[in-house]
Amino acid sequence: MLLDSFEPIHGVLLCDGEDIDPSLYEEESSALPPEELEEIRRLHSSDTAIDKEKDTIELRLAKLCQERNIPYLGICRGSQVLNVACGGTLFQDIEKEVSKNCPEGQRVKHIDYDNYDGHRLVVKVVENTPLNHWFKDSLEEGKMEISVNSYHHQGIKRLAQRFVPMAFAHDGLIEGFYDPDSYNPEEGKFIMGLQFHPERMRWSDSDQFDYPGCPSAYQEFVKAVIAYQKKVNITTSVPKHQKLDQEILEKKRKSIIRSFSIARNIYTTGREMAPWKESELEAGAEFLESNTAMSLQQENRLKQMGATVRNAGSYIERLKLNGEKEKLARSVMGKMSVEQLSDMMSFYHMMGQICSEVLERKLNGIVNDLAS
């Protein structure tokens with residue numbers, strides 16, 4: 001019900017919140033011992049209070065964005081929700097699961113409660129990613145590094161398969177990722193997760209950003225949202241009943257063309273057709289009876305094909321009346337030489353092909369004119 005209340009959705013910006021319930025991404029219970037889990041709850045009491053309702057709503061919202069290609073920007077917890085929604089997993093605590101396994105020189109502090117907004121950590125930006133493009137003027141040649149803020153004790157453990165990393169901390173933790181197949185803001189495509197907050201990367205006591213590229217994530221996200229909204233408006237501007245009418249007309253057009261094709265085959269081959277197929281001739285007959293736009297010449301041509309016949313049975317009776325003419329033709333052809341018969345057959349085969357192509361084009365034109 002909550003998801004329905006959000007409609008229409010043209011973009012989703014998902015940010016802060018508590019830790020995601022581990023049962024949503026870990027098949028087994030945590031590898032951390034109970035005493036360490038208790039220590040984590042004590043150190044990060046504001047984050048470890050699980051909100052299952054929030055998890056359920058946000059995960060379903062993230063999955064909805066994947067299904068519809070709705071632009072999505074996940075910041076901090078929002079990036080973790082995106083990863084879990086797509087099949088990825090998280091470290092329940094970076095210090096316990098990552099830092100303690102790193103050499104002293106590679107350990108990174110991902111949260112500092114004493115210097116909350118002022119804390120920064122260095123990340124290495126991956127080349128040829130949106131993050132690289134946004135911060136290219138601030139990257140030192142050969143270094144590809146920027147300093148970002150950090151407020152999290154959890155992080156990406158296994159990145160979902162569809163995503164590509166954009167930045168790594170020195171301890172190897174992924175600090176940003178995106179879906180390259182769903183990234184083209186001009187076309188309304190944008191699915192991305194950032195573990196840091198670019199909007200809060202500002203000089204102390206100032207609105208000045210740390211880097212000129214800080215607003216870019218939001219600017220490109222908004223660009224994608226506007227483009228997506230325009231696409232949705234275009235597709236929904238045609239009323240549903242009109243779409244259905246167009247589908248019905250197209251189906252009718254195909255059935256009429258098939259009806260004429262069957263009639264032509266009966267006329268040219270003289271073969272009887274299965275009784276259960278007789279109804280397929282009715283579409284052509286009804287079309288001709290209701291159509292007043294054709295010239296007399298066009299109508300006569302179609303009559304010669306048998307397209308006006310109401311059912312195959314009556315048309316076959318007409319074919320039988322012409323039996324004597326057929327016998328006479330066979331008798332005459334029986335006296336012709338092989339060369340004469342071969343020439344005649346080639347000629348009529350060529351004429352039949354030409355007639356079939358021209359007639360089908362004309363019939364298509366008539367039906368399309370009626371539909372429009």
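I began with the ring rule: rings of Phe, Tyr and Trp (its six-membered ring) pair if their centres lie within 6.5 Å, with planes under 30 degrees apart counted as stacked, over 60 as edge-to-face and the rest as tilted. I noted that this is a predicted model, in which local features need pLDDT of at least 70 and side-chain atom pairs count only at pLDDT 80 or more, while totals for chains, interfaces and linings use all residues. Residues are numbered from 1 along each chain as its sequence is written, and side-chain values use heavy atoms, with hydrogens and water left out.

Aromatic pairs. I found seven by this rule. In one of them, Phe163 and Phe177 have ring centres 4.9 Å apart and planes at 50 degrees, so the pair is tilted. Phe163 lies in the loop between E6 and strand E7 (164-169) and Phe177 in strand E8 (residues 174-184), so the pair ties together parts that are 14 residues apart in sequence; strands here are DSSP runs of at least two residues, numbered from the N terminus. Both Phe163 and Phe177 are buried (under 20% relative accessible area, with exposed over 50% and partly exposed in between, for a 1.4 Å probe and protein chains only).

I then looked up Tyr183 and Phe190, a tilted pair at 5.6 Å centre to centre and 50 degrees between the planes. Tyr183 is partly exposed at 21% relative accessibility, whereas Phe190 is buried at 1%.

Gln154. I located Gln154 in the loop between strand E5 (145-149) and strand E6 (155-158), and its relative accessibility of 4% makes it buried.

Key. Helix = DSSP H or I, 4+ residues; strand = E, 2+ residues; numbered from the N terminus.
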